[in-house]
Amino acid sequence: MTTIGILTAGGDSPGLNAAIRALGKSAIHQHGMHVLGFRDGFRGLMQNRTVRLDSESLSGILTKGGTILGTSRDKPHKMDVGGSRMDMTDLMLENFQQHQLDALVCLGGGGTQKNALRLAQKGMRVLTLPKTIDNDVWGTDATFGFDTALGIATEAVDRLHSTAHSHHRIMVVEVMGHNAGWLALGAGLAGGADVILIPEIPFDIDVVAEAILARRAGGSTFSIVAVSEGARSGAHVERKRTASERRDEAETDADRTAADRELDAIRDEEGDHTKRMARQLEALTGLESRVTILGHVQRGGAPSAVDRLLATRLGAACIDAVVDGAGGVMIAAQGENTARVDLEEVAGRRKTVPPDHRWIRAARSLGVCFGD
Ligand code: F6P
């Protein structure tokens, strides 16, 4: 009998349980397979912590947020074992073999695609599904989790409008997305933000302040700024690039240490860049501002119908791929269809927002400021 393993890795996202359910139900009911879940991502594969997935455990989970399997951000080749980083891929292979798995399905974002490839290179048959609220996985039109997070972030921008209006304030709202601007761009555009700042377009704070003052001069007494957590000013991007170049070129340990310290300082500044930016805007415009950091609320709760549909069709297509003998592939959404994309092609690449993306063009034509 065919046995498949399933694990969820990286940050959780709405739709994971819908995907687990689709994988499990299709595997069990259509093909009579055994399905084993590994707890807490690659850590569970290393520690051999499993749970049998059957009709009962797969029932009632479609609408649940999070992942019934648990997750972690562990990397198989750099596991924290007793305080040291160790390559545990051999042990993972042993556990894979011990359970006589025919395939392992890893549900995750960009990091998981890389980690899955590492396991595939060790000899395991691995398939993946693309999940993340960031929507930044290469090779797929969409990742499940994004649509739900987009809805939550859009609602937040909507709600900030009335209070911004009442108090005549600048409302700065920080949206997740790591180093991709999909979520801030989508929520900013759908929520009618006046300024949208994303990592793909380094901004100039003076340009943002001018746009806000121009709105004020035109009679609008409030402004909404949607900022992606990864957005940075052009000056910051340049400073970081120069510091890392200096580190790469350093000839002595002392130079390298100094450059490392500078890079650490720059990274520390990134921690609260949204609050700093709001203070700068207050100083430049003379208008009061407030910051809202949406954080993990964007990852919580029930998946939207769009995410349930995406997760379900990718999960079912993944079992078809297992039956066909495929391995080393990510099951991607491409238009109305699904595709099997080689993990080698996906791993290490990120789908960022193209500067001429149709959402950006539409926003610009409405007068939205991107700070450039
Ligand atoms: O990748 C999903 C994501 O939510 C990013 O948008 C965010 O930068 C990160 O995870 C937060 O990670 P954690 O949950 O580990 O704090």
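When I say two residues touch, I mean that they have heavy atoms within 4.5 Å of each other. Hello everyone; this is a predicted model, where local features need pLDDT of at least 70, side-chain atom pairs count only at pLDDT 80 or more, and totals for chains, interfaces and linings use all residues. Residues are numbered from 1 along each chain as its sequence is written, and side-chain values use heavy atoms, leaving out hydrogens and water.

Let's start with Ser 228. Ser 228 sits in strand β10, residues 223-228 (strands are DSSP runs of E, at least two residues, and helices runs of H or I, at least four, numbered from the N terminus). Because its relative accessibility is 0%, Ser 228 counts as buried (under 20% relative accessible area, 1.4 Å probe, protein chains only). Not counting residues up to four places away in sequence, its contacts include Val 175, His 178, Pro 199 and His 273.

Now the sheet. Seven strands form an open sheet in the order β3-β2-β1-β6-β7-β12-β13, with mixed pairing (two strands pair if DSSP finds at least two bridges between them). β3 (50-53) and β13 (337-342) each have a single partner strand, so one side of each lacks a neighbour in the sheet. Strand β2, residues 34-38, pairs with β3 in the antiparallel sense over 4 bridges, and Val 35 stands opposite Leu 53 in β3.

Finally, helix α12 covers residues 305-323. Among its buried residues are Asp 307, Leu 310, Leu 314 and Cys 318. After α12 comes Gly 325, with a positive phi near 90 degrees.

Notes: Buried < 20%, exposed > 50% of the residue type's maximum accessible area, 1.4 Å probe, protein only. Expected span 1.5 Å × (residues − 1).
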